[in-house]
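Reader: I'd like to go through this one with you. Can you put it up?

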Amino acid sequence: MTDQILVDWDDNNALLWGHQPLLINHNLHRSPLFSRQALAELIEAYPREHYNLIQTGPRETRRVWREGDFGGLSGLQIIDAIDNGTLWLNLRNVTKVDRRYREVVQQLFSEINGHVPGFGAPEHTAGILISSPKAQVYYHADLPGQGLIQIMGSKRVYLYPTTPPFLTPEHLEDIALFGVEVDMPFESWYDRHAQVYDFKPGQMLHWPLNAPHRVENLDTVNISMTISYTDEQIRRLQMLNFTNGLLRHKFGYRAKSRAISGPSYFAKRVIQRALRNGAWLSKERTRRQSVDFKLDDTKIGSIVDLPKTADAA
Ligand SMILES: [Fe+2]
């Protein structure tokens with residue numbers, strides 16, 4: 001690995017950053033931190049509260065999206081299970097969990113700031129995604145700024161416009177309010193309006209804020225890293241979406257303003273602070289999220305259903 005993570009930077013990227021999807025070259029796929037062995041060790045030490053193990057349907061099948069646990073498998077067995085299943089492991093907050101990855105991601109953000117005037121030093125985090133050859137990530141949008149870094153295998157990434165019908169304020173409000181990103185309606189004809197990338201190791205994608213996207217793995221196990229960042233503007237938009245969503249769902253009031261400064265914004269900030277920890281919201285969030293399987297330690301690649309809790313039913 002050379003000293004720089006981003007390589008062959010094109011100066012036009014600085015003008016396009018945040019406005020258009022950008023494909024950028026990096027060399028993290030050569031780092032020993034992302035070898036199978038290093039990742040197996042990382043998985044074994046990973047705190048439960050920081051990972052999601054998801055079962056998705058293979059392509060062309062009905063939609064499945066369920067949360068699970070590792071069971072008693074070793075790190076290498078978990079990677080084998082991902083090789084053989086339709087699973088998707090998200091090691092969230094790797095920058096918080098492990099100092100070595102934190103330093104790499106910190107360097108990446110410093111390099112972006114060196115290349116993109118005004119990018120600054122936003123609060124950021126990163127996660128490592130390990131996913132099965134036929135796994136997919138359904139159509140969704142994320143509230144923070146996002147980039148995807150390909151380490152191993154290849155995947156097809158579809159990026160959609162940030163305008164209706166692909167993305168509406170109500171979608172963003174529901175994501176901010178309920179914390180669930182995968183409930184957005186999708187139609188197959190949306191693909192005609194997508195920018196599509198066959199994404200390879202050594203490439204990084206960055207897209208405009210909130211751009212809806214979906215991902216299909218191309219028959220190889222995939223290792224990727226997501227980066228995610230929040231600056232003052234993004235933070236204000238999240239607050240606005242949360243409060244507009246709350247006013248709509250709980251009080252039936254459709255807020256017209258999407259301002260992130262001025263009296264209407266500050267009034268919403270007061271509402272958000274008063275209501276963000278309410279019982280209604282925590283019940284609604286629990287209803288939308290549950291853990292309902294674990295990996296089978298007798299048959300690698302299979303899963304075992306966990307009994308439904310009353311709350312999750
Ligand atoms: Fe995403």
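Reader: Are His140 and His213 buried or exposed?
Author: Both His140 and His213 are buried (under 20% relative accessible area with a 1.4 Å probe, protein chains only; exposed is over 50%, partly exposed in between). This is a predicted model, where local features need pLDDT of at least 70, side-chain atom pairs pLDDT 80 or more, and totals for chains, interfaces and linings use all residues. Residues are numbered from 1 along each chain as its sequence is written, and side-chain values use heavy atoms, without hydrogens and water.

Reader: What coordinates the iron ion?
Author: His140 (NE2), Asp142 (OD) and His213 (NE2), at 2.2 Å. Donors are N, O and S atoms within 2.8 Å of the metal (3.2 Å for Na, K and Ca); water is not among the atoms, so the site may look incomplete.

Reader: And the spacing of the donors along the chain?
Author: The spacing is H-x1-D-x70-H. His140 is in strand S7 and His213 in strand S12, 73 residues apart; strands are DSSP runs of E, at least two residues, and helices runs of H or I, at least four, numbered from the N terminus.

Reader: Switching topic: how many aromatic pairs?
Author: The whole structure has 13, counting Phe, Tyr and Trp (six-membered ring) with centres within 6.5 Å; planes under 30 degrees apart are stacked, over 60 edge-to-face, the rest tilted. Among them, Phe119 and Tyr229 are edge-to-face, at 5.1 Å and 75 degrees.

Reader: Where do Phe119 and Tyr229 lie?
Author: Phe119 is in the loop between helix H5 and strand S6, Tyr229 in strand S13, so the pair ties together parts 110 residues apart in sequence. Both Phe119 and Tyr229 are buried.
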